[in-house]
Amino acid sequence: MNIRSLTRGDGVVIGAAVVLFIASFLDLSGYDCPSGVDCSRFSSPNAWDSLGLLMSVFLAGIIGAALVIVGRLAPRKVVGLDLGQFGTAFTVFALWTAFWTIIDVSDAGAGLILGLLGTLVLAAATVAGPLVPALKAPLVGAPKPPQAVQPPYGGQPGQGYGYPGAQQQPYGAQPSQGYGYPGAQTGGQPGQADPAQAQASQAQQAAPQGGAAPAGDFTPFWFAVPVARPLYGEDGAPNPIAELAPGTWYLAVEQRGQGLIAQTQDGRRGVLQDTTGIQRG
């Protein structure tokens, strides 16, 4: 599950579901206490006292919200439909039932009124969430791309204290010339290197590095997508294997035509065919 795939519309869905749960404990109908009558012991039933109303309005809306959120975090399909589509159907059904229920009640209580408002916001958020740009924005901001580690004070880039490539020179020795260095021959000039050793060093520097990549090869980079986009399998199958969510950084490991070979957090690799508007890290 990727919590960064949640959008602002999903945040509205979660908030409306919480309101709907609270409304299920409030009175379904109001009452007028006649004068001279003690009504302190009178209590109006709530949704938990009516199983039919509880299931068709309150629990139906909460279950629909849960399906929408789970479908966003872990995309799954049932009978060819996404979990989010089932969740949207539940929320619309809850709104429809709440609307006709409050019409039939002569004196609606706080539970029914708040339940109608909750189902209205819930259904609107699930339907308009994928369509309105303001609701499609990520709920959690994207993390910063990985930064290069700064070397310690006095160290060379990529070589800190104790770095394997930074060989320590003995005190008093010349650079690249330790005690017993071949250039320090008996009777020779101090600091004068052996000609054979110098030629070998020049040949080693001139030789191409084994396994070095050509300058035009692809360099992997981090990127984020502006909107949710499907990731297709490398075998060319028409069905996507994952969905890249905005607000999450992915690693591009290869260029394939106009698309990119991207790797998700769980190690899956696929082809991102639409690369317009991506943000490079």
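**Chatting through the fold**

Reader: Hi! For contacts with a separation of 6 or more in the protein chain, what share comes from residues 24 or more positions apart?

Author: Those residues account for 61% of them, a contact being heavy atoms within 4.5 Å. This is a predicted model, where local features need pLDDT of at least 70 and side-chain atom pairs count only at pLDDT 80 or more, while totals for chains, interfaces and linings use all residues. Residues are numbered from 1 along each chain as its sequence is written, and side-chain values use heavy atoms, with hydrogens and water left out.

Reader: Thanks! How many helices and strands does the protein chain have?

Author: There are 6 helices and 9 strands in the protein chain.

Reader: Let's look at α3. What should its 22 residues span?

Author: Helix α3 covers residues 83-104 and should span 32 Å at 1.5 Å a residue; the C-alpha atoms at its ends are 32 Å apart, which agrees. The expected span is 1.5 Å times one less than the number of residues.

Reader: Which residues of α3 are buried?

Author: In α3 they are Leu83, Gly87, Thr91, Ala94, Thr97, Ala98, Thr101 and Ile102. These sit on the same side of α3, because they cover an arc of only 130 degrees around the axis. That arc is taken from the directions running from the helix axis to the C-beta atoms.

Reader: Nice. What is exposed on the other side of α3?

Author: Trp96 and Asp104 are exposed there.

Reader: And what do the buried residues of α3 pack against?

Author: Their partners are helices α2 (51-73) and α4 (110-128), plus strands β1 (77-78) and β2 (81-82).

Reader: On to α4, then. How far does α4 reach from its first C-alpha to its last?

Author: With 19 residues, α4 reaches 27 Å, close to the 27 Å expected at 1.5 Å a residue. The buried residues of α4 include Gly111, Leu112, Leu116, Gly118 and Leu122, and the buried set packs against α1, α2 and α3.

Reader: Is threonine 119 buried or exposed?

Author: Threonine 119, which belongs to helix α4, counts as buried because its relative accessibility is 1%. Beyond residues up to four places away in sequence, threonine 119 touches Leu20, Val57, Ala94, Leu95 and Ala98. Two of those, Ala94 and Ala98, are on the buried list of α3.

Reader: What does glycine 115 touch, not counting residues up to four places away?

Author: Glycine 115 touches Leu20, Ala23 and Phe58. This α4 residue is buried, with a relative accessible area of 1%.

Reader: Strands now! In what sense do β3 and β6 pair?

Author: β3 (residues 221-224) and β6 (residues 250-256) pair in the antiparallel sense, over 3 bridges; pairing takes at least two DSSP bridges between two strands. Phenylalanine 221 stands opposite alanine 252 in β6.

Reader: And how many bridges join β3 to β9?

Author: 2 bridges join β3 to β9 (residues 279-280), and these strands run antiparallel. Here phenylalanine 223 stands opposite arginine 280.

Reader: Last one: is arginine 280 buried or exposed?

Author: Arginine 280 counts as exposed, at 56% relative accessibility. Setting aside residues up to four places away in sequence, arginine 280 touches Phe221, Trp222, Phe223 and Trp249.

How values were computed: Helix = DSSP H or I, 4+ residues; strand = E, 2+ residues; numbered from the N terminus. Buried < 20%, exposed > 50% of the residue type's maximum accessible area, 1.4 Å probe, protein only.
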